[in-house]
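This report goes through a structure by topic, starting from one residue and ending with a ligand site. The sequence and the coordinates come before the text.

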Amino acid sequence: MEKIRVENLTKIFGKHPQKALEELEKGKKRDEILKETHHTVGIGNVSFSVHEGETFVIMGLSGSGKSTLIRCLNLLNKPTAGKIFVDDENILDYDKKALRQFRQTKIAMVFQHFGLFSHRSVLENVEFGLEIKKMDKEERVTKSLEMLKAVGLEGWEYHKVSALSGGMKQRVGLARALANEPEIILMDEPFSALDPLIRRDMHTELLDLQAKLKKTIIFITHDVNEAFKLGDRIAVLKDGEMVQIGTPEEILDNPADEYITNFIEDIDRSRVLRAENIMRKRSLKIGKNTAAKIALEILNDSDYEHGFITDRHDNRILGVVDADDLLLAIKGKLPIAEVMHTDFVSVSEDAYVKEVLEIAAATKYPVAVVNGEGEYVGRIQRAALLKALV
Amino acid sequence: MNEFPEIFELNAGDYVETFVKWLTTDHMAVFDSIRDGILAFLLRMQSIISFIPWFVIIGIVFIAGWRLKGVRSGLFYTLMLLTIGLLGYWNDTLLTISIVLTAVIISLVIGIPFGILSANYKRMDNIVRPVLDAMQTMPSFVYLIPAIMLFGLGMVPAVFATTIYALPPVIRLTTLAINSVSKEMIEAAESFGPTPWQALLKVELPQAMPTIMAGVNQTTMMAMAMVVVSSMIGAKGLGYSVLIAINRTDIAMGFDAGISIVFLAIIIDRLTQSIGDKFRHDE
Ligand SMILES: Nc1ncnc2c1ncn2[C@@H]1O[C@H](COP(=O)(O)OP(=O)(O)OP(=O)(O)O)[C@@H](O)[C@H]1O
Ligand SMILES: [Mg+2]
């Protein structure tokens, strides 16, 4: 279901944004507008929608308008033109009161530099949003303690925030946002101020939390690996315009332009692609009762060296054979089951290529791919593995 | 040729006089009620302060000094207060404190909201700022003139002049304090949908507090600096004793009263400063 729909959103910084907007609508580019009118087009004509419960990552280089865009979604930035629908209500039509209501109940934000209140304790920081909602003391303390526990900050409740490390500070930021029970969470480069190891922990933490909570998350990053790791879908911003939106796989497979190609060059594909993305679907399988001679013909007819032997009824993999095995069976008039090798390996279709790589190194056969029920769905040739990684 | 031609004369003073006359005759009631208000407040303050036994006051100052700064400071302040008492200026000191305190409280009540408004409304700041600049470059006794014109002689004009003189720092530093609250912190607060009051009370003011307290300290010190000057128009207390000593060229009396003022100023300065430090929170 659609949670947020953004239509032709434009934000121009400067004294007379409307004038610059006219220029933009005439088709002028960001650079020209900056040179001629001294107005910065933060974002220009951006449209997209975000589904309920998905993690929508927006990535782009510094200055591409990521923060401008995400800050429009809770109106910390007032858009110059366009519409933002949340649950089919245009939030730009809200008056002050409705906007406060919207921020109190529907949407929360996590900030790059945490944005914690230094005059408040860890617990009081988490309480803040509930305090604004006028929840009574006892209830909000209970809830905040619960939230702090959920992000692993038990025992730190009464410390000053200045006593915390960066990673812990951002956990407080996250707990503060979650305590409000928003439907949407905006995260503007929440982990970029953290060092890489801590960042990895936070990723795991966020993925775990999200698996439970299923919030709609808009996540900003300039780190491609982070984007592909966390994002259900990814949008790429360039010079204030959206150049591509898609699932990680779609973007990897069909980068819309050179900008994105460059962007994904340094991504570690093995952590993004899954077995199902690189396997050959339903490729060459041989029933266990097939005559060896026919099996050999099938095998020779394909461009594979190996064939997987499956059970016709439940589609499970029993073994693997090559042409020599089959010749042996023909000569000795043996059923295939007698000559097949059972020391093949299989992976689940949603395993990351990284895992497949480790497994593939230990076998001389192609890797079989199975689905959740254990049925044969495809295979991964070692050549395909290499290709996926370049 | 070197003379400025007399035909072009500007009688600014006349206009001001006319203005003040208009104010005080046509709006007599307003000034009367201001006078009554200030006087009532001042008398209340005086009766409270003089009601407290001397040793209790010294005890409070000792404890405050000890808690806020350390035992040595506490003892130091105690010693200074005892000296004032031994010199025979205890009652004058209490009088001075009540005048200064009254003026400071009025300054804060006016100055802090003013400073907050200036921080939020650029246009207001554009007007207030040059006025404050002018006020701070003016010699202190200039404030005696409007005070006398509006309220005659006595305690009330003294408090009035002191208030006006002490007002600028607290306004200035409140504005500065609010303006320099971290932008991300304000946005973080904003993102939870507070009313302007909630944002002010829960985030902006607590964050601004250390700087505002620096303003309170400066305002208090300015008020102390007016003690002698304001005694020229009728403020009793330590300043009046100094004034008499000057008139009589009585060096001994001048020294005793003068040193009492200095001691009092030191104690007030240190204490308000360390109260300010208590509000400081590290990032
Ligand atoms: N308040 C503002 N006033 C004027 N220009 C602004 C303002 N905020 C952003 N900009 C400009 O808008 C453009 C986009 O900025 P934005 O902060 O959205 O980029 P970003 O993608 O978030 O970059 P970063 O990765 O550095 O955070 C930049 O050119 C920036 O200078
Ligand atoms: Mg940014």
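## A buried asparagine

A residue counts as buried when its relative accessible area is under 20%, as exposed when it is over 50%, and as partly exposed in between. The model discussed here is predicted.

Asn180(A) has a relative accessibility of 2%, so it counts as buried. This residue is placed in the loop of chain A that runs between helix H7 (166-179) and strand S7 (184-188). A polar atom of the Asn180(A) side chain lies 3.2 Å from the backbone oxygen of Gln104(A).

## An exposed asparagine

Asn254(A) is also a loop residue: its loop lies between helix H10 (248-253) and helix H11 (258-265) of chain A. Because its relative accessibility is 54%, Asn254(A) counts as exposed. Ten residues along the chain separate Asn254(A) from Gln244(A), and their C-alpha atoms are 9.8 Å apart.

## Backbone with positive phi

Most residues other than glycine have a negative phi. His38(A) is not a glycine, yet its phi is positive, at about 60°. His38(A) belongs to the loop between helix H2 (30-37) and strand S2 of chain A. With a relative accessible area of 65%, His38(A) is exposed.

Asn45(A), which is not a glycine either, has a positive phi of about 55°. Asn45(A) sits within strand S2 of chain A. Its relative accessible area is 42%, so Asn45(A) is partly exposed.

## Aromatic rings and charges over them

How many aromatic pairs does a search of the whole structure find? Over all chains, there are 14 of them. In the pair formed by Trp54(B) and Phe55(B), the ring centres are 5.6 Å apart and the planes stand at 85°, so this pair is edge-to-face. Trp54(B) is partly exposed, at 47% relative accessible area.

Ring pairs also join Phe117(A), Phe128(A) and Phe192(B) into a cluster, with residues from chain A and chain B. In chain B, the charged end of Arg67(B) is placed over the ring of Trp66(B), at 4.7 Å from the ring centre.

## Chain B as a whole

Chain B contains 13 helices and zero strands. Read from the N terminus, its elements follow the order α-α-α-α-α-α-α-α-α-α-α-α-α. Along the principal axes, the C-alpha atoms of chain B fill a box of roughly 65 × 55 × 45 Å. Chain B has 283 residues, of which 45% count as buried.

Leu132(B) is one residue of helix H6 (residues 122-137) in chain B. Its relative accessible area is 6%, so Leu132(B) is buried. Between Leu132(B) and Arg44(B) there are 88 residues in sequence and 30 Å in space, from C-alpha to C-alpha.

## The ligand site

Which residues come nearest to ligand 1? The shell around the ligand has 13 residues, and those that come nearest are Ser62(A), Gly63(A), Lys66(A), Ser67(A) and Thr68(A). Sorted by class, the shell holds two nonpolar, eight polar and three charged residues.

Several polar atoms of chain A lie by oxygen atoms of ligand 1. For Gly63(A), a backbone N or O atom is 2.8 Å from a ligand oxygen. For Ser67(A), the contact comes from an N or O atom of the side chain, 2.7 Å from an oxygen atom of ligand 1. Glu189(A) places a polar side-chain atom 3.1 Å from an oxygen atom of the ligand. Ligand 1 exposes 630 Å² when taken alone, and the protein buries 58% of that area. Strand S2 (40-51) and helix H3 (66-73) of chain A are the elements that give two or more residues to the shell. Which element gives the most to the shell around ligand 1? It is H3(A), with three residues.

Notes. Residues are numbered from 1 along each chain as its sequence is written. Chains are lettered from A and ligands numbered from 1 in the order in which they are written. This is a predicted model: local features need pLDDT of at least 70, side-chain atom pairs count only at pLDDT 80 or more; totals for chains, interfaces and linings use all residues. Side-chain values use heavy atoms; hydrogens and water are left out. A residue is near a molecule or strand if one of its heavy atoms lies within 4 Å of it. A polar contact is a pair of N or O atoms within 3.5 Å; within protein, one must be able to donate a hydrogen and the other to accept it, and residues adjacent in sequence count only if both atoms are side-chain atoms. Accessible areas come from the Shrake-Rupley method with a 1.4 Å probe; for residues, only the protein chains shown count as cover. Helices (H or I, at least four residues) and strands (E, at least two) are DSSP runs, numbered from the N terminus. Ala, Val, Leu, Ile, Met, Phe, Trp, Tyr, Cys and Pro count as nonpolar, Asp, Glu, Lys and Arg as charged, and the others, Gly among them, as polar. Buried means under 20% relative accessible area, exposed over 50%, partly exposed in between (1.4 Å probe, protein chains only). Rings of Phe, Tyr and Trp (its six-membered ring) pair if their centres lie within 6.5 Å; planes under 30 degrees apart count as stacked, over 60 as edge-to-face and the rest as tilted. A charge sits over a ring if NZ of Lys or CZ of Arg is within 6 Å of the ring centre and within 35 degrees of the ring normal.
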